[in-house]
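Please open the structure in the viewer and keep the sequence beside it.

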Amino acid sequence: MKRVYLDHAATTPVDPEVAEAMARVLREVPGNPSSIYAEGRAARALVDRARDEVASALGATPAEIVFTSGGTEADNLALRGTLKALRASSKDHLVTTAIEHHAVLDTAHDLEGNAHVRLTIVAVDRDGRVDPAAIGQAIEERTGLVSVMHGNNEIGILQPIERIGAICRERGVTFHSDAVQTVGALPFDVRRIPVDLVSVNAHKFYGPKGVGALYVRKGTRIATMQTGGGQEKGRRTGTENVAGIVGLGTAMRLAAERRDAESARQARLRDRLIAGVRTRVPDAILNGHPTERLPNNASFCFPGTQGEALVIALDLEGFSASSGSACTSGNTEPSHVLLALGLEPSVAQGSLRLTVGRETTEADIDALLHALPPIVERLRSISAVPV
Amino acid sequence: MSQEYSAATIAHFTEPRNVGAVEDPDGKGSDANPSCGDRTTITIRLRDGRVEAARFRTFGCTAAIAAASVLTELAIGRTADEAATIDPGDLIRVLGGLPTRKEACALMAVGALRAALIDAKVKESSASIQAAKATGG
């Protein structure tokens, strides 16, 4: 059976050009980038080139890019590193939102519990939007960092980070944005967006898993989380993942080249999907704002169904989708993001996230629209919850 | 495909047996899993002390649906006392295993059936008390 992969927010397949570039590094470049002889210099040159590619795609300078093991580490470095660096100046207050990825939210709670950081979590409206004024109100004298994600991984909502960043800048507070879902899909230029720290993750834009980056605007104070040989200017020490970094750089360059046309195409598929589901399952709830959302994300709740059952039933028919966040798919508790929108827990349990990608076709969407309604109907007929 | 679940579990999920509610049930019981919000309701009809019919409704995951479905099959034809001894391990065996974190789904199905059996017993005894009162006994 032909499988239709509709879970690109979880991960994307590695682009063949990226895989080839990485394989070449693994085969032909054995050196450690810190070594000063020929093999080391060859590896260093590749890391430098990848740094240029990532910087160029973000409108940054190469010195502002710190390679990490992925989005989670970038988020951890942003939150922990900033608050650690600011401890001496008594900036011990962190502001974030109720719909952040666990990498930010759980880190924030950990800092609150174990590092004497005070935490303010700003609520969102029913569409998942953060009001910039609410961020402004949450900022106080001792606020050291504000962290608001750009595009939400579950419901695709885009936050007004330009306005939030402007408020942070005016108040002299460092601003971090987890842009893991948006870099690669939408233009992201740090010369235009007043943001100091940006998390990036290669496998969300057809790069490899296990590598990402944190953009650190020049002049931003950040301490390291780990100690060792001092790589990445001491901000993220450890021998560089050369092949992964080359994969990240290549994937970033390719994404930037294809972005405008490809994102417009994906947005059309997304809109076809949303319109189709709304026609065929009239009481489906679209999660998140109808237009202010990632070009590839369609997220729904189907009252009277349970997300895991939807995912397995679709899987049996050849479709890969997810319910809530893939990180918690083993955990059937309703997603914190959906609850933050004000949905009833029993409704939030019936969530389904469909995210299209480069290889998705109109025929794939139509096949999904054909398969999904009978599954929803069947699960409702079994359900103990009156719809 | 769906390696996590056995073929028997998938079969009970895609074509569940005895979905719905028994008309004029002798007993009705529900159970829920508070950690995830799943719930199951089972209705039964007894004849001569045996489970003549059992039907279920489940709001829940693949395992919760399959467990309730297989439980109705196991319960039908047994005496009420026998049906009350069916335990989660029996369901898991018949389903060919469940992922460890899904074993609570079998417990929920069993909880709903036992609640239905108790409900039937309570109704029966209150009916006999009423009957005794009516005859002045």
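Two residues are in contact if their C-beta atoms, placed from the backbone, lie within 7 Å. The model is a predicted one: local features need pLDDT of at least 70, side-chain atom pairs count only at pLDDT 80 or more, and totals for chains, interfaces and linings use all residues. Residues are numbered from 1 along each chain as its sequence is written, while chains are lettered from A and ligands numbered from 1 in the order in which they are written.

**Stop 1: chain B as a whole**

Select chain B. Among its contacts between residues at least 6 apart in sequence, 63% join residues at least 24 apart. Chain B has 5 helices and 3 strands; here helices (H or I, at least four residues) and strands (E, at least two) are DSSP runs, numbered from the N terminus. From the N terminus on, the order of these elements is α-β-β-β-α-α-α-α. The radius of gyration of chain B, taken over C-alpha atoms, is 16 Å, close to the 14 Å that the globule rule gives for 137 residues, so chain B is as compact as a globular protein of that length. That rule is 2.2 Å times the number of residues to the power 0.38. Along its principal axes, the C-alpha trace of chain B spans about 65 × 30 × 25 Å.

A residue is buried if 20 or more other C-beta atoms lie within 10 Å of its own, exposed if 12 or fewer, and partly exposed in between, with C-beta atoms placed from the backbone. Of the 137 residues of chain B, 45% count as buried.

**Stop 2: two residues with positive phi**

Most residues other than glycine have a negative phi. Select B:N18, in the loop between helix 1 (7-14) and strand 1 (27-33) of chain B. B:N18 has a positive phi of about 60 degrees although it is not a glycine. Is B:N18 buried or partly exposed? B:N18 counts as partly exposed because it has 19 C-beta neighbours inside 10 Å.

Now select A:K233, in the loop between strand 8 (212-216) and helix 7 (242-280) of chain A. The phi of A:K233 is also positive, near 55 degrees. With 11 C-beta neighbours inside 10 Å, A:K233 counts as exposed.

**Stop 3: a buried lysine**

Select A:K204, in the loop between strand 7 (197-201) and strand 8 of chain A. A:K204 is buried, because 27 other C-beta atoms lie within 10 Å. Its C-alpha atom is separated by 5.3 Å from that of A:T11, 193 residues apart along the chain. Leaving aside residues up to four places away in sequence, A:K204 touches A:T12, A:V180, A:Q181 and A:G184.

**Stop 4: a pair of helices**

Select helix 3 (residues 71-86) and helix 4 (residues 102-114) of chain A, whose axes come within 9 Å and cross at roughly 35 degrees. Axes are lines fitted to C-alpha atoms, for helices over the stretch in contact, and angles run from 0 to 180 degrees between N-to-C directions. Among the residues that meet are A:L79 and A:L83 in helix 3 of chain A and A:V104 and A:L111 in helix 4 of chain A.

**Stop 5: where the chains meet**

Finally, show both chains. The contact takes 18 residues from chain A and 22 residues from chain B. On the side of chain A that touches chain B, helix 8 (307-316), helix 10 (345-348) and helix 11 (362-382) of chain A each give two or more residues. The largest share, 5 residues, comes from helix 8 of chain A.
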